[in-house]
Each structure stands twice: as C-alpha cells, then as structure tokens.
Amino acid sequence: MGFQSVFKRYEIKYVLSTAQKERLLLLMRAHMSPDPYGHSTIRNLYFDTPHYRLVRRSLERPAYKEKLRIRSYARIGEGDTAFVELKKKYDGVVYKRRLALPLREAMAWTCEGACHPPHTQIVAEVDYFLRYYGTLRPVVYLSYERDAFYGLADKGFRVTFDENILARREELTLDSDPYGTPLLPAGSVLMEVKCAGGMPLWLVDFLTRERLYKTSFSKYGRAFYELILPHIRLKEEKFDVSGNF
C-alpha cells in the first residue's frame, strides 16, 4: 500500500475569465510557486449508487456531505498508481482522505470488495463508506487541465486553476484520453482557493478589484445536471407513456 494523507481545509471556488486568470498569475509571482505536479491533466472516476444518492444529497446543500472518487494525474494502466479519495464536507470545512494504490487494486477494492488494503484509519473510513452505501460504482468520468500553486510563506495555502472541464458517462476508465461534455463556457476558469484559515490580503484585494465572488460550483453536480438528469427524465417520460421502461 502506498502514500496516505489527510487534509482539513476550506475550499473556496470562483469562476474567472482567462484574462482575470492571467492578471492574477502576474500578481502571484511574488507570493506563490507551482507545486510539484505543476500543470497536469487530472482524470477522475466519481462513484455513486444506482439512484445517484450521493450527488442528489450533495445538491441539497446539507451541512454534511461526502463523495468517493479515484483520481490520476495522467493516463494510467492497471498497474500504475491511482489515488482513492474520500471527501467529506461539514459546515464549510473539507476533510479529505487519500490513499495511493495500483489502479487494479483500487478498482477491485471499491467495486468488488477484493484486493483489500492493509488496515489503517483511512482504509477503515473508506471501508465503512463502501459498506454504508452498498452498491457503489463509477458513474461519471471527469477530467480537466489544472495549474496548481502553493504559498511561499505558507505551503498549506494553495490555489488551483481548472480549465477544459469535461464529463462523460461512457468509457469510465483512467486509461483513456480526455473527452466529453464541457461543463464551463469557453473562456472561463474555475479557481479554487484552499486554506486552513483566512486568505492573504493581496488575494482579497485582487478579488475585490475584479468583483469576483465565491460560487458553489460542483464539477460532479454540474455533470449530473448536464448528463444524468436529462437521461433520468427521459426514462420517466417513457414510463409515464408506456407504463414500463
């Protein structure tokens, strides 16, 4: 079993134009540096129940919500490292558990209950999640181009920019090229500010000047609205007309 980590932080999201991103990057040179991943194409498989219990609950904006995904930072095969990530959000604070495993083992564990990793606290939490929801499987592939930075004065302070956010319901594998339905208009960038406390003054000043306000944008939530909900409604309409699916 590979690398494990736990994060506790606020994640604040903004939608910028590409021009605003470029202006912010100039300002960031004095305060931030690219992280080890730098620019990457992130691939995710989001898990849910057959009735999409997780995303439906999340879209209700409850005080507590959670989700499970498997992530990679490049196109990978079964023997390459993937990250199993369990994210929980309570009262605005994000708690993330991350476990590195070969993709083959990660999929066998989350989908079949096989290839069980050695016991740790993170493994126990993921196990409980899998048992609680019972019938989880990948439902959406979601990819995006990310530029990530960390603070020079505080390495726990991070800013990421996500562009070309694409989602699809077919070819649910990390061993594939990115393609799918765009989830943001052309020329838009999703910025996430990740911090344990308050934001630095230079960033607050920039957001104020640019009249940028935080948003509740959810990639999986948007994919549900764009790709899954219309399919569900179509099935319901067919049922109303014919009496069966």
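1. β1 and β9 run antiparallel and pair over eight bridges (pairing takes at least two DSSP bridges between two strands; strands are DSSP E runs of at least two residues and helices H or I runs of at least four, numbered from the N terminus).

2. Some housekeeping before going on. This is a predicted model, so local features need pLDDT of at least 70 and side-chain atom pairs count only at pLDDT 80 or more, while totals for chains, interfaces and linings use all residues. Residues are numbered from 1 along each chain as its sequence is written, and side-chain values use heavy atoms, with hydrogens and water left out.

3. Next, β4. It pairs antiparallel with β3 over eight bridges, with Lys65 having Lys89 of β4 as its bridge partner. β4 also pairs antiparallel with β5, over ten bridges, and Val84 has Leu99 as its bridge partner in β5. In the β4-β5 hairpin two residues sit between the strands, and Asp91 takes a positive phi near 55°. Seven of the ten β4 residues are buried, so the strand is mostly covered (buried means under 20% relative accessible area, exposed over 50%, partly exposed in between, with a 1.4 Å probe and protein chains only).

4. Now the largest pocket, at about 940 Å³. Points are joined across faces, edges and corners, and the volume is the space filled by probe spheres set on them. The lining counts 39 residues, and Lys13, Lys65, Lys89, Ser216 and Phe217 lie nearest the centre. Elements giving two or more residues to this lining include β1, α2, β3, β4 and α6.

5. What is the class make-up of that lining? It has 20 charged, 13 nonpolar and six polar residues (Ala, Val, Leu, Ile, Met, Phe, Trp, Tyr, Cys and Pro are nonpolar; Asp, Glu, Lys and Arg are charged; the others, Gly among them, are polar).

6. The second largest pocket has a volume of about 340 Å³. Its lining has 20 residues, with Asp35, Tyr37, Tyr73, Arg98 and Arg158 closest to the centre. β2 gives the largest share, six residues. By class, the lining has nine nonpolar, nine charged and two polar residues.

7. Arg98 turns up again: its charged end sits over the ring of Phe83, 4.4 Å from the ring centre (the test is NZ of Lys or CZ of Arg within 6 Å of the ring centre and within 35 degrees of the ring normal). Arg168 lies over the face of Tyr179, at 4.0 Å from the ring centre.

8. Last, the rings. There are eight aromatic pairs (Phe, Tyr or Trp rings, the six-membered one for Trp, with centres within 6.5 Å; planes under 30 degrees apart are stacked, over 60 edge-to-face, the rest tilted). Phe149 and Phe161 are edge-to-face, 6.1 Å centre to centre with 80° between the planes. Phe149 is in β6 and Phe161 in β7, twelve residues apart. Phe149 counts as buried because its relative accessibility is 14%, and Phe161 is buried at 0%. Elsewhere, ring pairs link Tyr128, Phe129, Tyr132 and Tyr133 into a cluster.

Definitions and conventions:
On a 1 Å grid over the protein atoms alone, a cavity is a set of points where a 1.4 Å probe fits but cannot get out, and a pocket is an open set with protein on both sides within 12 Å along at least five of seven lines; lining residues have an atom within 4 Å of a point.
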